[in-house]
Amino acid sequence: MKIAEKYMHRCIKLGKNALGLAAPNPMVGCVIAHDGKIIGEGFTSEHGGPHAEVNAIRSVKKKELLREATLFVTLEPCSHFGKTPPCADLIIEHHIKNVVIGVQDPHDKVAGLGIKKLKAAGCQVTVGVLEEECREHHKRFLTFHEKKRPYIILKWAETWDGFIAPKQEKRTGKPQPYWITNEHSRQLVHKWRSEEQAILVGTKTALEDNPKLNVRDWEGKNPIRVLLDKERKIDNTYHVMDKSVKTIVFTEEQNAVDNIDGIIFEPLDFQRNVAQQLCSSLHHHNISSIIVEGGAKTLQTFIDENMWDEARVFKGKTIFKEGIKAPALSGIPITTNTILNDTLTILTP
């Protein structure tokens with residue numbers, strides 16, 4: 001393996017530490033090497049905190065070595081003032097002459113300007129080392145800026161005979177989840193929730209399952225709740241409206257201006273391109289990734305509009321014989337894993 005690729009692999013590994021924390025900023029990883037040794041490294045802090053390059057430079061004990069060092073980073077250093085100063089300026093300030101970048105930043109305030117600034121200051125800049133791996137690592141950020149929508153993950157569990165939920169009469173009177181998978185699979189789902197910015201369910205799922213849509217079986221941030229509620233049937237007796245987490249409700253009701261206590265109502269035309277409209281609005285809300293958890297109609301809406309990037313499908317050993325059929329999806333299986341008696345398949349379009 002080439003030495004530059006070795007260090008870039010390390011950058012990607014470091015960047016994964018920012019998953020679920022840095023968003024909507026990218027989860028950048030950075031390594032600073034001198035004379036064949038790593039002298040500094042870092043990753044993006046929680047949103048609003050220092051970027052990866054800043055943390056890496058701060059970690060270098062002998063700052064005089066920076067003049068002869070090479071900085072490796074998964075994404076082009078920023079060149080604009082946001083919540084923090086430009087990373088490109090800091091690199092120039094410390095006279096780091098060699099910079100190796102995985103992928104160019106598509107953000108309209110960067111988009112090559114960071115590279116241009118570094119080169120103008122006399123830096124030797126190399127772009128495209130492990131570019132595909134870096135694009136995969138930054139898929140949420142890149143989708144947000146290139147496609148102007150969040151990275152969309154579809155997730156559901158289906159029975160061995162292909163149902164996502166039982167018939168209504170099989171449910172108890174109290175709204176609650178009807179589990180298909182085992183507790184280990186459910187814990188994994190909570191881990192996923194901590195990694196993405198938002199989570200979405202439709203009206204029927206909210207009313208019948210009364211989900212909390214939070215992180216209970218894992219350490220991490222609770223995702224922003226997103227609800228499809230055309231006729232505003234979900235009232236404050238349901239968990240998703242308990243105001244404990246920021247919540248965005250998409251509704252057709254035109255009096256949706258009564259935003260209170262972290263609950264935001266957004267108008268939506270349910271007669272056309274629901275998924276596209278919703279994702280456009282979420283982009284406006286600066287949400288870079290979302291898990292669509294159901295129900296079947298909501299999931300199928302995203303599939304039919306071809307608005308998805310990844311599907312995570314559990315298959316349990318439970319048999320319903322009848323009920324609500326699982327979504328119909330044609331995708332390319334990427335991985336298949338077994339979690340006790342459950343099977344998890346991850347697919348892409």
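Analyst: One term to begin with: two strands pair if DSSP finds at least two bridges between them. Strands (E, at least two residues) and helices (H or I, at least four residues) are DSSP runs, numbered from the N terminus. This is a predicted model, in which local features need pLDDT of at least 70 and side-chain atom pairs count only at pLDDT 80 or more, while totals for chains, interfaces and linings use all residues. Residues are numbered from 1 along each chain as its sequence is written, and side-chain values use heavy atoms, with hydrogens and water left out.

User: OK. Which residue of β2 stands opposite Ile-32?

Analyst: Gly-40 in β2 stands opposite Ile-32. The strands β1 and β2 run antiparallel and are joined by six bridges. They form a hairpin with two residues between the strands, where Asp-35 takes a positive phi near 55°.

User: What does β1 pair with besides that, and in which sense?

Analyst: β1 also pairs with β3, in the antiparallel sense, over four bridges. There, Cys-30 has Val-73 in β3 as its bridge partner.

User: What holds paired strands together in general?

Analyst: Strands of a sheet pair through backbone hydrogen bonds, either parallel or antiparallel.

User: What is the strand order in the five-strand sheet?

Analyst: The order is β2-β1-β3-β4-β5; the sheet is open and its pairing is mixed. At the edges are β2 (37-43) and β5 (124-127), each of which pairs on one side only. From one strand to the next the twist averages 15°. Axes here are lines fitted to C-alpha atoms, for helices over the stretch in contact, and angles run from 0 to 180 degrees between N-to-C directions.

User: Where's the parallel part?

Analyst: β3 (residues 70-75) and β4 (residues 98-103) run parallel, with five bridges between them. Leu-75 has Val-103 as its bridge partner in β4.

User: Back to β1: how many of its residues are buried?

Analyst: Six of its six residues are buried, so the strand is mostly covered, where buried means under 20% relative accessible area, exposed over 50% and partly exposed in between (1.4 Å probe, protein chains only). Gly-29, Val-31 and Ala-33 point one way, while Cys-30, Ile-32 and His-34 point the other way.

User: Which helix lies across β1?

Analyst: Helix α1 (residues 3-15) lies across β1 (29-34), β2, β3 and β4, and runs at about 140° to β1.

User: New topic. Is His-137 buried or exposed?

Analyst: His-137 counts as buried, at 4% relative accessibility. This residue lies in helix α5. Leaving out residues up to four places away in sequence, His-137 touches Ile-12, Gly-15, Lys-16, Met-27 and Thr-74. Contact means heavy atoms within 4.5 Å.

User: How many salt bridges does the structure hold?

Analyst: The structure holds 17 salt bridges. A salt bridge is a side-chain nitrogen of Lys or Arg within 4 Å of a carboxyl oxygen of Asp or Glu. One of them joins Glu-146 and Arg-135, whose closest N and O atoms are 2.8 Å apart. Glu-146 lies in helix α6 and Arg-135 in helix α5 (residues 131-137), so the pair ties together parts that are eleven residues apart in sequence.

User: Are those two buried or partly exposed?

Analyst: Glu-146 is partly exposed at 41% relative accessibility, and Arg-135 is partly exposed at 28%.

User: Which residues are linked in a network of salt bridges?

Analyst: Glu-136, Lys-139, Glu-310 and Arg-312 are linked in a network. Glu-136 and Lys-139 form a salt bridge with their closest N and O atoms 3.1 Å apart. Arg-312 and Glu-310 meet at 2.7 Å, N to O. Glu-136 is partly exposed, with a relative accessible area of 47%, whereas Lys-139 counts as buried at 16%. Arg-312 and Glu-310 are buried too.

User: And α6, what does that helix lie across?

Analyst: Helix α6 (residues 139-146) lies across β6 (151-158), β12 and β13 (310-315), and runs at about 120° to β6.

User: Which sheet has β6, β12 and β13 in its order?

Analyst: An open sheet of nine strands, in the order β11-β10-β9-β8-β12-β6-β13-β16-β15, with mixed pairing. The edge strands are β11 (263-267) and β15 (332-339), each pairing on one side only. The twist averages 20° from one strand to the next. Within this sheet, β8 (residues 198-202) and β12 (residues 289-294) pair in the parallel sense over four bridges, and Val-201 stands opposite Gly-294 in β12.
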